[in-house]
Amino acid sequence: MSDIGDWFRSIPAITRYWFAATVAVPLVGKLGLISPAYLFLWPEAFLYRFQVWRPVTATFYFPVGPGTGFLYLVNLYFLYQYSTRLETGAFDGRPADYLFMLLFNWICIVITGLAMDMQLLMIPLIMSVLYVWAQLNRDMIVSFWFGTRFKACYLPWVILGFNYIIGGSYPMDLGGRNFLSTPQFLYRWLPSRRGGVSGFGVPPASMRRAADQNGGGGRHNWGQGFRLGDQ
């Protein structure tokens, strides 16, 4: 148990709370402590009955059962892997910026869910984080099941198809304008540990420094391939 506790505490803070909620809420529904009917995002109940908790519970809830357990576990793994990589990579030392990105993604997904009658939002939010990671590492070669290898920029679409098979654009323009800035109250709550560009939609400082050192040209460094799940 101590090993599990040490592993859990080693997860970055925002990913840790997100992961814990994604385990706890389905467990509450599975045990019948709260009826799952209150955990889905139903537009009528949210808009007309003022059941304002539904966008939040629908983000963490997933109906785990014999036919959906594998899909749930796979996406829980994706949450842990790619949220951790983002929080300790591109957003290292900037928890406020990472939380703001998640909130922005979540709001867009909730609006889309209400418009398209999407009752569960767990997988869409995980996919949005995976998409951001893939765009920041788009030229990295990754390996998927059965030894298939491709650039990371294609990974979200592969996993989207994978989810569709087993379970029946967040755009990011690197080098573009900084359209969104993280609110100052998030910085007061989650102060940055080092300097850097606020908000998202622009390259991380580390990527800009690498580009400057390479003179903005020359041969491209494709990076080292790795298998999914390797650190």
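This is a predicted model: local features need pLDDT of at least 70, side-chain atom pairs count only at pLDDT 80 or more; totals for chains, interfaces and linings use all residues.

**Stop 1: the aromatic pairs**

Colour the rings of Phe, Tyr and Trp. How many aromatic pairs are there? The count comes to 11.

Select F62 and Y72. They form a stacked pair. Their ring centres are 6.0 Å apart, and 20 degrees separate the planes. The pair counts as stacked because the angle is under 30 degrees.

F62 sits in the loop between α4 (54-60) and α5 (69-88), while Y72 belongs to helix α5, so the pair ties together parts that are 10 residues apart in sequence.

**Stop 2**

Move to Y131 and W157. This pair is edge-to-face. The centres lie 6.2 Å apart, with 80 degrees between the planes. That angle is over 60 degrees, which is why the pair counts as edge-to-face.

Y131 is buried, and its relative accessible area is 14%.

**Stop 3: a ring cluster and a charge**

Select Y77, F78, Y82 and W133 together. Ring pairs link these residues into a cluster.

Next, pick R16 and Y17. R16 lies over the face of the Y17 ring, 5.6 Å from its centre.

**Stop 4: the surface patch**

Switch to a surface view. Select L27, L31, L33, I34, Y38, F50, V52 and W53. Together they make a nonpolar surface patch of about 890 Å².

Pick out L31 from that group. Its place is in helix α2 (residues 13-31). L31 is exposed, with a relative accessible area of 57%.

**Stop 5: a buried serine**

Go back to helix α7 and select S128, which lies there. S128 is buried, at 8% relative accessible area.

What does the side chain of S128 touch? One partner is the side chain of N105, in a polar contact at 3.0 Å. The S128 side chain also reaches the backbone oxygen of L125, at 2.6 Å. Show both distances in the viewer to finish the tour.

Technical notes:
Residues are numbered from 1 along each chain as its sequence is written. Side-chain values use heavy atoms; hydrogens and water are left out. Rings of Phe, Tyr and Trp (its six-membered ring) pair if their centres lie within 6.5 Å; planes under 30 degrees apart count as stacked, over 60 as edge-to-face and the rest as tilted. Helices (H or I, at least four residues) and strands (E, at least two) are DSSP runs, numbered from the N terminus. Buried means under 20% relative accessible area, exposed over 50%, partly exposed in between (1.4 Å probe, protein chains only). A charge sits over a ring if NZ of Lys or CZ of Arg is within 6 Å of the ring centre and within 35 degrees of the ring normal. Patches are made of residues with over 30% relative accessible area and no salt bridge: like charges are joined within 9 Å, nonpolar side chains (Val, Leu, Ile, Met, Phe, Trp, Tyr) within 5 Å. Accessible areas come from the Shrake-Rupley method with a 1.4 Å probe; for residues, only the protein chains shown count as cover. A salt bridge is a side-chain nitrogen of Lys or Arg within 4 Å of a carboxyl oxygen of Asp or Glu. A polar contact is a pair of N or O atoms within 3.5 Å; within protein, one must be able to donate a hydrogen and the other to accept it, and residues adjacent in sequence count only if both atoms are side-chain atoms.
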